[in-house]
Amino acid sequence: MSGSGDADVIVVGAGPAGSAAAFHLAARGRRVILLEAQDKGRSKPCGGGMAASVQSLFPFDLAPAVDQVIRRVRFTWCLEDPVTAELPGDAPFWIVRRSVLDAYLGEQAVQAGCDLRHGCRAERIERGADGLWQVAAAGGEVLRAAAVVIADGSSSRFAAPLGLGPPRPRFAATVSVEVAAEPEPADMVRFEFGLVHHGFCWVFPRRGGYSIGVGTFIGQQEADSQAVLRSLLPSLGLPEAAGERRQGRLRIWNGHHPLHGQGLVVVGDAASLCDPFLAEGLRPSLLSGREAAGALDRWLCGDPAALESYSLRMRQEWGDSMAWGKRIAQVFYRVPRVGYQLGIKRPTAPQRIAQILSGEMGYGEIAQRVIRRLLFQRG
């Protein structure tokens, strides 16, 4: 099966998930073509926070892509009533720039033998009469491979039509802001829950500035981000109108769905893996890239059940926790003031959230207690 076509595997999208999959496949000796629609070095709207535990997913050091090491998390309600938690471990949470991380992972994939093509947009994906997948790229070139990895992000054009992930994805509306500044303190991220209706703000420090996000997690409505930022930015010592602002959508986790087909897998944001409560997307992207690569390698070796095992593995390692995270979010964001008092302000709660962010704990370990408290208080 691996001896036909232009490659063994074509990966569509060179973000964290696609690049991770391409690296692990190439490192196993597979012929991989990695297609990226954007030109090299283009920035993407993303807070850039990820658990340092993702280092275990790679044999190379991720430190060159790390912009800032985070040791504390601060929660507020309408910029007041603060709660601060120390993150566990020596380096539990990292801030990265997406342009730097994506380029670094892409370089590692190339060094492992991957053929990375920037500015090459996939236009059509279909199964050929010979059983190989055909990926038609802009400009007319048609590439053929035994398998395809769909990694084209939250705005994926291919996942649902190919029967991968939820047929009707659920989105959170976001506004991302990059602001030049000298963060103080530089080792603390902030989560603000009171300013955004049905959502929250995050403030991530990085070298030379902040990455700020406003996210709305229930319904399809967008937050009044301008009003939110007029309050939030001065609290950081910044002008109300500071920063470059970009609107976007996060394709968040929305139920258990197959992430594989015949010679197909979907990874990262295209697979709707983003945390529906705290909007974490990089850790599941990198995890899914590695797991998909291992499954595809086994499938190419003749294991017919390998791709189904990828869907099952991601359910066990990520989806089961996200199912509880979705339930928490549905209650918390409908009664956020009660949620803040009963969830965030409880003595053990900040440390539990810190453990979730660092990858030490899943939502299932706290969900039933939290949901019972919130529902009882609402009644």
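## Aromatic pairs

Phe23 and Phe60 are both buried, where buried means under 20% relative accessible area, exposed over 50% and partly exposed in between, computed with a 1.4 Å probe on protein chains only. The model is predicted: local features need pLDDT of at least 70, side-chain atom pairs count only at pLDDT 80 or more, and totals for chains, interfaces and linings use all residues. Residues are numbered from 1 along each chain as its sequence is written, and side-chain values use heavy atoms, with hydrogens and water left out.

The structure holds 21 aromatic pairs. Rings of Phe, Tyr and Trp (the six-membered ring of Trp) pair if their centres lie within 6.5 Å; planes under 30 degrees apart count as stacked, over 60 as edge-to-face and the rest as tilted. The ring centres of Phe23 and Phe60 are 4.9 Å apart and the planes stand at 85 degrees, so this pair is edge-to-face. Phe23 belongs to helix H1 and Phe60 to the loop between E3 and E4, so the pair ties together parts that are 37 residues apart in sequence. Helices (H or I, at least four residues) and strands (E, at least two) are DSSP runs, numbered from the N terminus.

Phe75 and Phe193 form a stacked aromatic pair, with 6.4 Å centre to centre and 15 degrees between the planes. This pair links distant parts of the chain, 118 residues apart: Phe75 lies in strand E5 (residues 72-77), and Phe193 in the loop between strand E13 (188-192) and strand E14 (199-206). Both Phe75 and Phe193 are buried.

## Helix packing

Helix H1 (residues 16-27) and helix H4 (residues 282-300) have axes that come within 7 Å and cross at roughly 35 degrees. Axes are lines fitted to C-alpha atoms, for helices over the stretch in contact, and angles run from 0 to 180 degrees between N-to-C directions. The crossing of H1 and H4 is right-handed; a crossing has this hand if the near helix is turned clockwise from the far one by less than a right angle, and is left-handed if anticlockwise.

On the H1 side, the contact (heavy atoms within 4.5 Å) is made by Pro16, Ala17, Ala20, Ala21, His24 and Leu25. H4 contributes residues including Leu282, Leu286, Arg290, Ala293, Leu296 and Asp297. By class, the contact of H1 with H4 has nine nonpolar, four polar and two charged residues. Here Ala, Val, Leu, Ile, Met, Phe, Trp, Tyr, Cys and Pro count as nonpolar, Asp, Glu, Lys and Arg as charged, and the others, Gly among them, as polar.

Two strands pair if DSSP finds at least two bridges between them.

Three bridges pair E3 with strand E7 (residues 93-96) in the antiparallel sense. Gly49 has Ile95 in E7 as its bridge partner.

## The seven-stranded sheet

Seven strands form an open sheet in the order E6-E5-E13-E14-E15-E12-E16, and the pairing is mixed. Strand E6 (80-86) and strand E16 (244-252) stand at the edges with a single partner strand each, so one side of each is left without a neighbour in the sheet. On average, neighbouring strands of this sheet are turned by 20 degrees against each other, direction ignored.

Strand E12 (residues 170-180) runs antiparallel to strand E15 (residues 209-216), and eight bridges join the two. Val179 has Tyr210 in E15 as its bridge partner. E12 also pairs with E16 in the antiparallel sense, over nine bridges, and the partner of Thr174 in E16 is Gly248. E12 is mostly covered, with nine of its 11 residues buried.

## Backbone geometry

Glu184 and Pro185 are joined by a cis peptide bond, with omega about -5 degrees. Pro185 lies in the loop between E12 and E13.

Leu79 is a residue other than glycine with a positive phi, near 70 degrees. This residue, Leu79, sits in the loop between E5 and E6 and is partly exposed, at a relative accessible area of 29%. Asp81, in strand E6, has a positive phi of about 55 degrees although it is not a glycine. Asp81 counts as partly exposed, with 29% relative accessibility.
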